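Keep the viewer open and follow along.

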Amino acid sequence: MTRRLLLLTTTALSLLVQHAAAIGQETCVSFQSSPSSFSVVSGRRAAPVLIDQGDWPGVQLAAADFVADIERVTGVKPSFRNVTTSNLQASGSGSGTPIIIGTLGKSPLIDQIVNTTGLDVSSIRGQWESFLSRRVENPLPGVSSAYVIIGADKRGTIYALYDHSEQFGVSPWYWWADVPTTKQSQLFVSASGCSHGAPTVKYRGIFLNDEQPALQSWAQEKFTNGTGAPFNHLFYGKVFELILRLRGNYLWPAMWSGKFAVDDVLNQPLADFYGVVMGTSHQEPMMRSTPNEFTAGKWDYSSNSDAIKQYWLEGAQRARPYESIFTLGMRGFGDLPLSEETNIHLLEGVIADQAEILKEAFGSDVDISTIPQVWTLYKEVEDYYTNGLQVPDYVTLLWSDDNWGNIRGFPPASQRNRTGGAGVYYHFDYVGDPRNYKWIISTQLEKVHEQLSLAVARSSTQLWIVNVGDLKPYEREIEFFLNYGWNATRWTHNNINQYVSSWAQREFDVSAATATTITQIVGNLTRFNSRRKPELWNSTTYSLINYREAETVLAGWSTLLDASTRIYNSLSQSFKPAYFQLVHHPVLASANLANMYVSAGLNSARAVQARLSANDLADTVERLFNVDFDIETQYHSLLNGKWNHFMDQTHVVYDYWQQPMQNVMPPITRIQARKQALPGVMRVVPEGTFGSWPGDNRYNCRDGYNCPDWTLTINNFDDFNNRYIDIGAGGPASFQFTAVANASWVRLSTSRGSISPRGKVEERVFVSVADWSQLQDGANSAKITFTATSSGYQPLVANVNFVATKNVLPAGFKGFVESKGVISIEAAHTSRNNAVDGTTWTELPGLGRTLSAITPLPRNDQSFEIGSGPTVEYDFVNFNTIGGSGNLTATVYLSPSLNAATDQKPLALGVALDSGAPIRVQPVPASSRKGDPPGWGSANGWVANSINTQTVLFTGVTPGAHTLKISMVETAVVLQKIVINAGGLADSYLGPPESRIV
């Protein structure tokens, strides 16, 4: 079928039927002719493709791919000729209407066309990596008409070719994710062609890292005969092509088990041949693979500088013939800080020596300021810089995130005119505190955009590099990172979904409606996995008793899995492998893991409650643990094992930051199924407690014995409109039960039931109010009596109190209403939004743990005095205060952003109640850049929790209508949620669900 894709022009996305399959480009390709179109393939005839033999080797290679891509789409292979201006007419190669490819200043063929026709190339001449294409009449002697594809430089031409290929319908992931190419019988390009100016970010790259156990094992199997270095030129050839098809241009190669320039002597020249700029990671100076190449003694510049300088000189000399970016500075072995004795003076000496080494390697006739150099401000190195360490102005300063996607800093306004510029080192994968995350996608595109848009706003666009671990399974996220760096004007906070929709249509050839469903799947998948990375999950991550949190989380996974499965089953066999890799596998594997952990938590709880169902849950955990390996095996079996080893990463039950050496099943327990529980045959467990009745349980009350009956509460503005009570078996005896309420306004979902160890071992009874209008204002009390009868046992009785509170709103009130002592608010649901000086709190759709987030836009360096900035207001009514004290607390749930401006201008906002003075909230302390800020770390720190909560106290508050006001002080604060505690706040991971709005 014809692809229907959302294509982004420079101003808007529009649906273009019968046009190209590409993401974000201005289209110039169609599959139907028009009066002014140029035929690439029509009537089983293809336009010949011509290129000057003097053009760059990488352009020649991309042109060959261009020809192969045309054949992939149409089944027709164009003729492909290397020609010169002198032999073109003699050879007859120009007959017909050819496609002519070339680079300005490198292709005499193109230069002649420009000179003889007057073709205007001023828009791209001298512009980094830019290109244009046009239909040109009489471009050369003997050629009546041609479609010319012209690059301003080597990569400009390469990108022009791959841009067309993608629009033809060839995914950049055709090999790396097995995306099929939809066949077309005809291909046309518009006479006006396509064009693109200089990219937003000059150098855009990926970093292959932490390559064991997956990438290295796979490469060893697929690119060697079992011996030799796995990361050889055969491997890197695939990587280089992918990078260029994605409009990237830069690579930090695999480092822990590789020596890029040594493992295969073809690696370095091959990168240059393709046109990929090579570098080395933040810890590998001067184009050397330090973890593996350095063998000349101790890695200590104080005592072994001569050997280290010689080592660096050899690296610079080896890299001199090739396009490279030299990493400067020095870190300790194993990506650790240097010794405590390291000081600014020593590191300034290191960088000065590295400058002298470059002079020696490149010769005195080369101005070393023209050699690209980068210094990465990673961890403690940022502290050196902020404390005065100086580097030459021409060196790019690469600011790092905190390894968890929160950028630590940007250049202040006074330093944004450095000739070397600034950039960003970002992470989709990490090994280290507080936990490795290497297994599966756990990054939101919305978060990536939010952070990188700040980099654009603060002129950090010289170089972007992202740690992608094994490369797979971060395909979609890698493409977005590079695509946004290629043209940041195309993607805004409002159209991330359109990016994913276009991606889905390109990759799976689905309708716009199906692509919308896939977009929702991807959005929820990445939201669920970024709330807390799967490596940090355990059996009590989500509350098992409060706000129905765990069951709501599992319901979300179930809905997601059902939707993904329906799409997977609807696809043709040719598209299923790609969809499985890119969407279905992470949904399937993550949903299974989430179910396993929650089941383990419920197993433990129910064992303490003496419930026989604990044993069924133990069985469930064992089954799901085995399913986890089945899913891994299914991935490895795809396409006859093409991607074997890519899911080797262990991920089940971490006990500290480092990966477990083997997947370990979560602990489970069992009760003795043949022995009756001491209190009798029936277990009664009301919602909201780990306790159980009858009998003693340490959760039934503070003392744990002789505890009163449990009291369930509900109100007329409740989140769920009911409560539940679980009735279950406590051993081998079957029983029948009845449920009777002593008030007519109580509605029970059932009044009787049967429980059997060999059948239904549990039944959930829902309790609600039949008609709120029949209740009096305030508290209304009732009692529900459960009676169990079983052959050979005395009747067993347990009571549960039920209190329904009917609250009355103030006249005319509109806003959020307290329920059970809590008002929970999604930040985007404002009552009023007041802009100041053109800055306003703006919703970031999809970002965050629950719904979305808001942040002041546009992002600039503007600050406001507390209370005077853009303000959002939330009207709410409370019926209670904490313990009747007149106190309320308001907790703001903030994205874990850092003080990315300066510590003199840390993130801050104001929080006020009604007409009270605003309280300054500063989520991240101004502190040394050497380490992470207080509260950041540990398995329960705010980066692991993916939220930074800050609480303020309000005193002297009376029940009634109020307004909470949140004002901007410094930009880049991202607010997701607000929770006001009026005395009923219970523990949970995500916070209470949003309160009712009237």
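## Strand β35 and its partners

Strand β35 and strand β40 (residues 960-968) run antiparallel and are joined by 8 bridges. This is a predicted model, so please read every value here as computed from predicted coordinates. Strand β30 (residues 816-817), by contrast, pairs with β35 in the parallel sense over 2 bridges, and valine 817 has valine 877 of β35 as its bridge partner.

How many of the residues in β35 are buried? Strand β35 (residues 871-878) is mostly covered, with 8 of its 8 residues buried. Thr871, Glu873, Asp875 and Val877 point one way from the strand, while Val872, Tyr874, Phe876 and Asn878 point the other way, and all are buried.

## An open sheet with a helix across it

Let us move to the sheet that holds β6. In this open sheet, 6 strands follow the order β7-β6-β8-β10-β9-β12, and their pairing is mixed. Its edge strands are β7 (80-83) and β12 (195-196), each of which pairs on one side only. Strand β6 (residues 49-52) runs parallel to β7, and 4 bridges join the two. Aspartate 52 stands opposite valine 83 in β7.

Helix α3 (residues 108-117) lies across β6, β7, β8 (99-103), β9 (131-140) and β10 (143-151). The helix runs at about 70° to β9.

## Two disulfides

The count of disulfides comes to 2. Counting bonded cysteines along the chain, they follow the pattern 1-2, 3-4.

Cysteine 28 and cysteine 194 form a disulfide with sulfur atoms 2.2 Å apart. This pair links distant parts of the chain, 166 residues apart: cysteine 28 is in the loop between β2 (13-17) and β3 (29-30), and cysteine 194 is in the loop between β11 (187-189) and β12. The torsion about the S-S bond of cysteine 28 and cysteine 194 is about -115°, so this disulfide is left-handed. Cysteine 28 counts as buried because its relative accessibility is 4%, and cysteine 194 counts as buried at 3%.

Cysteine 701 and cysteine 707 form a disulfide with their sulfur atoms 1.9 Å apart. Here the torsion about the S-S bond is about -65°, so this disulfide is left-handed. Are its two cysteines buried or partly exposed? Cysteine 701 is partly exposed, with a relative accessible area of 23%, whereas cysteine 707 is buried at 18%; the cut-off for buried is under 20%.

## Cavities inside the model

Rolling a probe the size of a water molecule over the atoms shows where empty space is left. Searching the whole structure finds 14 cavities of 30 Å³ or more. The largest cavity has a volume of about 250 Å³. It is lined by 22 residues, and the closest to its centre are Trp404, Lys447, Ser530, Lys533 and Ser946.

## Around serine 988

Serine 988 lies in the segment after β41 (975-981), and counts as partly exposed at 26% relative accessibility. Which residues does serine 988 contact, leaving aside its neighbours within four places in sequence? They are Ser543, Tyr547 and Glu549. The C-alpha atoms of serine 988 and arginine 548 are separated by 9.5 Å, with the two residues 440 apart along the chain.

Conventions
Residues are numbered from 1 along each chain as its sequence is written. This is a predicted model: local features need pLDDT of at least 70, side-chain atom pairs count only at pLDDT 80 or more; totals for chains, interfaces and linings use all residues. Side-chain values use heavy atoms; hydrogens and water are left out. Two strands pair if DSSP finds at least two bridges between them. Contact means heavy atoms within 4.5 Å. Axes are lines fitted to C-alpha atoms, for helices over the stretch in contact, and angles run from 0 to 180 degrees between N-to-C directions. A disulfide is a pair of cysteine sulfur atoms within 2.5 Å. Buried means under 20% relative accessible area, exposed over 50%, partly exposed in between (1.4 Å probe, protein chains only). On a 1 Å grid over the protein atoms alone, a cavity is a set of points where a 1.4 Å probe fits but cannot get out, and a pocket is an open set with protein on both sides within 12 Å along at least five of seven lines; lining residues have an atom within 4 Å of a point. Grid points are joined across faces, edges and corners, and a volume is the space filled by probe spheres set on the points.
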